[in-house]
Amino acid sequence: MSSGKTHGGPFAEVRTLADIVLESGCKKSLQFLNTHFDLCVLAILIKSIPAGSMVRLRPEIVRRLVEEVAAAVGGGDRERIRNALLKRAGEMMAQLRRELGDSAPSEAYVAKLAELFFMKLEA
Amino acid sequence: MVAESARQFCHQIGSMNSEAFREGLRRFLAEGGYAWVEHSGPPPPGVKILKTAHPPRIAERLCEEGFPLVYIAAVRRRNPTTPLEEACHRGEAICYIYGDVEWAPELEHRCRPVTFYVDVKEEKKALEALLLYIAKTRSLPWVAFNREILRIVGLCDAAPNICLTEEAVVKKVEAMRKQLAAQRPEPPKSPTAEDVETSPDATANVTAEADDTAETQKTESKSGAAAGIDRPHTHKLHAPAARLDPAVLELVRRCCGEECVTRLLACHE
């Protein structure tokens, strides 16, 4: 499990928690991915914040994480799972943008993702 | 790489250290009826409000650009006659410290720190107001804050998940997996994903959305998805039914005949 603690900053811990959910849940079991699909997508989006001071989602990291999850549990249907994950990630980001508006800082997006992540973890 | 990151970071947290932010903070403190002192100098020792602030090296560029580093010290004095800005250093108060950037001695000659010492009488109420203000103005999730402080203001009771430790999250995810496994057996790793909406543009969607976010969201959404995040999703990834047990097939063959087996297999597919 790669640690989200490689960089500091206020978003380090939520990144670590997203990593835990991805590695211990979403990548371990198709059932888990199926039942907690949105939680897994949120974990991917949060985890895609790169190490360093900048808080911004990186599409190439989203794509890599999606590939990792699909490869881990997808078996022969890996591509379909990958597409479903990417599609849902796109939907979530579009929804967030509608809610937060164009002028919101990228931190606001991550904060909202974190809020949703904890709501889904609670559910 | 670090320099570029730091340069971009300056623009992001520059707002915290701008005159506009300080003016907003003064207004917030005045409206909340707090007594405060604005003092040039680094923050005093105390309990950090954030779990992890940005590392000091990040501030160097910010300081070069002339921004002061702003800190807030919420001071709960044991003796009200001790000056606010001295109580923390003298160990005569409990002090809660907030700053975007972790203060470090190496910043001393490069940066102009400014600390707002805020007099706190009702600890819970004041910290709650301060946390809300910081979370709102700095766009921080609750999980970014020190658990101890979240506990003081009662947020751990209101939303226990935000106070979970890493170990607790590991256990929770394990429990979620075990609960699922107990409900039905783990399917094989070859799902058919019958009702997954696959789109040739799926990859483009997330790339576009993430790009848009990173680039201050200038263009319209390309996904066209109207669905809310909290609505039940339609992306269930169903695995196919497990292969039939050969022993069961043999039993069916014996009791019901070959045709039964053929029909069962056809039906099962």
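Helix axes are lines fitted to C-alpha atoms, over the stretch in contact, and angles run from 0 to 180 degrees between N-to-C directions. This is a predicted model, in which local features need pLDDT of at least 70 and side-chain atom pairs count only at pLDDT 80 or more, while totals for chains, interfaces and linings use all residues. Residues are numbered from 1 along each chain as its sequence is written, and chains are lettered from A and ligands numbered from 1 in the order in which they are written.

**Chain A as a whole**

Select chain A. Six helices and zero strands are found there, where helices (H or I, at least four residues) and strands (E, at least two) are DSSP runs numbered from the N terminus. Of the 123 residues in this chain, 69% are buried; a residue is buried if 20 or more other C-beta atoms, placed from the backbone, lie within 10 Å of its own.

**Helix α3**

Next, select residues 37-47 of chain A, which form helix α3. Eleven of the eleven residues of α3(A) are buried, so this helix is largely enclosed by the rest of the structure. The buried residues of α3(A) pack against α1 (12-26), α2 (30-35), α4 (59-73), α5 (78-100) and α6 of chain A.

**The pairing of α3 and α6**

The axes of α3(A) and α6(A) lie 9 Å apart, at an angle of about 150°. The two helices are therefore roughly antiparallel, a term for angles over 145 degrees. Residues making the contact include A:Leu39, A:Leu42 and A:Ile46 of α3(A) and A:Leu113, A:Phe117 and A:Leu121 of α6(A); two residues are in contact if their C-beta atoms lie within 7 Å.

**A:Phe117 and the core**

Now centre the view on A:Phe117. Beyond its neighbours within four places in sequence, A:Phe117 is in contact with A:Val14, A:Ala18, A:Leu39, A:Leu42, A:Ala43 and A:Ile46. A:Phe117 and A:Ile44 touch the most other members of the largest nonpolar core, which has 97 residues. Such a core is a set of buried Ala, Val, Leu, Ile, Met, Phe, Trp, Tyr and Cys residues joined through C-beta atoms within 7 Å.

**Confidence in chain B**

The average for chain B is 75, and 62% of the residues score at least 70. Over residues 188-235 of chain B the pLDDT is below 50. Residues 238-242 of chain B also stay under 50. For the complex, the predictor gives an ipTM of 0.81 and a pTM of 0.71.

Methods:
Buried ≥ 20, exposed ≤ 12 C-beta atoms within 10 Å, placed from the backbone. pLDDT = per-residue confidence, 0-100. Parallel < 35°, antiparallel > 145°, perpendicular 65-115°, else oblique.
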